[in-house]
Amino acid sequence: KVNLLCCVQRICSFPYEQVGIANKAETFFSWPEIFQKRKLNKSTMKLTPEAAMSYEVPEKSVSDKKDYRIFSLPNNLKVLLISDPSAISSDSESSVNTSSLSSDGYDGESTSSSDSDTFSGDSDASSSSSAPDEQEKMAAASLLVDVGSFSDPSDINGLAHFLEHMIFMGSKKYPEENEFDKFIRKHGGSDNASTDCEETVYYFEIPEKHFEGGLDIFSRLFAEPLLKKDSITRERESVDSEFVTRSKDDNVRLEQLISSQANKEHPCHTFAWGNLETLKNNISDQQLHDRVVEFQKRHYSAHRMYLALQARYPLDELERIARKYFSDIPCNNLPGSDFSCFNHTNVFPMTFFERIYYVKPIAAMKRVDINWCLPSMVREFKCKPQELVSHFLESEKKGSLSAYLRKKLWILDLMAEIDETDGFCHNSLFSIFSIHVYLTDNGYKNLTEVLRTIFSYIKLLHEQGNSQKIYEELQAIDEAKFKYANESNPVDYVEELVMNLKYYPSKNVINGNRLLFEYNPEMIQTFLDHIYHDPCNIMIWCSDDDTPKDQKEKWFGTEYRVEDMPEEWKIMRKNVEIFPEFDINQTNNFITTDFTIHHPVTSPMDAPKPPIRIRFDDLCEVWYREDTRFGLPRAFVYFNFSSPLPLMDAKNSALMYYFVLILKYLLMEELTTASEANLMYSIIPGQRSFTVKVSGYNEKLHLVMDAILKKMVNLEVTEELFEALKTRQLEEYHNNLIKPRTLNGDIRLSIVEKAYIPQYEKYNALKNITLTDLLDFSKIFLKFLKIQGLIQGNMTQEEATTITENVLNVVNSSPITDLSTIEKRTYQIPIGNHCVRVKSLNKNDVNSFIVNFYQIDQPSLENSCYVELLVNLLEEPLFNQLRTVEQLGYIVDCDLRENCGIAGWTVAVNSQESQFTTEHVIERIENFQKEFLKILQDMSTEDYHHARDSLIKTKLIPDVQLKDEVLRNWDEIVTEQYIFDRIAKEVEILGNISQEKMIEFYQKYAVDEQFTRKLSIQVRGNKEVNENAEEQEHLPEILKHTFDVPQEESAQWKYVNDIAKFRNSLFLHPALNKKLS
């Protein structure tokens, strides 16, 4: 009754005359027609604020303390407000959450215990507060425009993506190019955007004090964008560089290949990325400018926009802000692109499903993909039938499809899903449901039997998979996860919810993509009918397939051949029998039933207390901390096992990684139900150790840990399994190193870190490793260990002690007698300019990756703070000069590096050798490094203090979730620094770094030749792609660097052509670990 009354009141108070409706009574029968009759543009936009529509308040979990409001502005722009009720500091300023000690995430350099071989430029660390009244938090905004690449004109592919870039090039009020980006970065925030098939999303985060300032510039980009013709050349080059940078990504190439097979009149038959050919070669600059302006005016209308704002402001204040800055965005009331004649039945020609595609990948792998084109699932969020089917297909427990195929040693991994993060697979016109199966060599040889097994399991699901019992089990798991969800970072949250705002009813904006609402047997059976009866496409990827590929996809150059589907496969799919080994009706014993909170929440804003040591002796140290801040039934159990054995040589280092790979493979069947019940585990190999991490609801975490420990000490491996996974590990090393960025990081760390053994050496050693070697390693490794542990969250100290005792009893190790054998130590780069230049391992990749690494001579917390502040000052002008102005490449960045306590920083550029030579790029980096000294000297005192204070505010942001605090504590433990109040110390140091001191620091370590320790690592791409060149078909017998040293000596650079010899000549810093009493 209340809802009905509110509706009547809104209808009766609506200013009908302003939108051309004479008789308000008509609206009771033709309410939708109002929106067809409204002519809202700049000249007619006179609706009062009261006329804007409001909607139901979204449903939220009991643990969510935020307030929400949804309404429409007079221009019909739909807005979601998220008010964070946590207290605001005295100066009402907060900031973006970044790392206090940034690290590579790369092997050996990360401050986490496990030195992962997977390169990432990002940091996992987080910051904390030192006092309640200094707590800070960030604000965030995201705006979605209801248009994407499906609306690209057929003669200008990539126009929607190009417009996304052009939008940032200034507005009438703020005409300077990249003014928005400069403002955000200057104040310690970040921003980005992405173009998908049906929407383009823009988002940013910034300290609350500058939120309105950021929103002012941000909103103008949509209200009055300049789209200057002068910006076309630079942003076109940026789009092309982005395209080339991603051109060797097999997943990107797959999507484009599928798109190319669509019917030509279908909107998905497009090249969404765009490049110089589509944006330059076939169109003049004036024509392109005219078309991009036309596209913007046509599609960037307020009634097709959605906005999400989050800050620690009351809802009324957030609404005031939204109205002030976004109400004047023009609304043309034009409908979006008309796709009404398109659906899943006319996406592809029938020949797409009746044939087999043999595709040549970039990476070394063997994979088969089975794809179905189905009705769109976007609006079917209540039931989500695809989640039940994916659950069955991806399950690895006994009786599952994966368990059967693994037992046969035919597969390494299997995934089945509609990828809801990818607009090409999940959109309003159709959905693509895919099964991706990563094959062993034996599985590839038995591909027919693999497919027979899959189709047999699908037949079982068609007959028995419509299970209300399993659906309700998944429903209960999702409900618990939603009820006790961790808080998301604001920028991630607004980006997620602005998409939900478009697709879900108002009350389901928060939970629409997270819950299963209703069991709908008819809908589930219809979905199963599609998978069972509808034609499917099969794509087979094999890097070892020597059969010539007679076709090539136009844009990415993916080579493939097409053959008719074998008659045997057609008959097999129709007539296959259900295998007796299959069983889908099994109970999940890991589902949590006890969600008791053991410790009261004192205050989420309290400064976190350090963990306490509950066990310390020659064998192990274990730390414990109860959760008194977040009040969720979650806990984290981390244990790190270190041994000198992996450090002996490349063979033992490779065995460490291989041991972990096999251990994870053997645990899949036993622990798949734990993962389904949101009990997560990971086993991460490093240079000297591996780490076991278990997290989730605390009630049954110990069961997961027990299973891992038992398998760890009793490794049972057959010769067949050993050989199958050995190939997988070799492929992983190879696939990492053919990426220029990963190869670059591998070389740098092999020089800097004493314990770091490069991946190519592990690859070469692994070639000759036997099963006996592995089994011997697994026993010897566990004999002598140093064990470090952290147990934190909703657990009692008694429970933590019990888990610790169980770990020690099962592992049954002795302490390492000489701990110096596992010390973490760093080599000192010599004074001067040293360079390692190698050729890319991928002979058909034009991408180059150039990194200058600057190392500080002495370890100290003070030096780390200087470098971190320097990186913050360096980031924006570096990006602006080398990326925006000079367009050297799509990726231009700088990062703080910490190697075993020795600080440094890197400047990196990913360019294309076909456009800029490596010599030119390094020259421009060097030139900028000199110019930056003048930038520092000319910087006003006010701007310097603002940059420094923004970094300090950044460090005072409270943890968003318990994991942030856990990771920070874990870093202190495994690095043996134990500075649990690191943030407070860093804040004090930063406050004392004057501009004069920073100039002196930069001049000493980056400019002065008497002190600068610089190492340039350059991976040179190929000048051009040779269309006729044969790419390497198989895993090479040996991997090695091809040095690219100039013939003539350089007066500026000392070139290195023997890394081992160079490293052996370097001074080795002593270990920095603290000795605990």
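Buried residues are those under 20% relative accessible area, exposed residues are over 50%, and partly exposed residues lie in between (1.4 Å probe, protein chains only). The structure is a predicted model, in which local features need pLDDT of at least 70 and side-chain atom pairs count only at pLDDT 80 or more, while totals for chains, interfaces and linings use all residues. Residues are numbered from 1 along each chain as its sequence is written, and side-chain values use heavy atoms, with hydrogens and water left out.

**Helix α22**

Helices (H or I, at least four residues) and strands (E, at least two) are DSSP runs, numbered from the N terminus. Helix α22 is mostly covered, with 12 of its 13 residues buried. Among them are P740, L743, D746, R748 and V752.

**Salt bridges**

A salt bridge is a side-chain nitrogen of Lys or Arg within 4 Å of a carboxyl oxygen of Asp or Glu. By this rule, the count comes to 60 salt bridges.

| Pair | Closest N and O atoms |
|---|---|
| R312 and E208 | 3.2 Å |
| E319 and R323 | 2.7 Å |

R312 forms a salt bridge with E208. This pair links distant parts of the chain, 104 residues apart: R312 lies in the loop between β6 (305-311) and α10 (315-326), and E208 in the loop between β5 (200-207) and α5 (211-223). R312 is buried at a relative accessible area of 3%, and E208 is likewise buried at 1%.

The salt bridge between E319 and R323 lies within helix α10, where the two residues are 4 apart and therefore separated by about one helical turn. E319 has a relative accessible area of 16% and is buried; R323, at 19%, also counts as buried.
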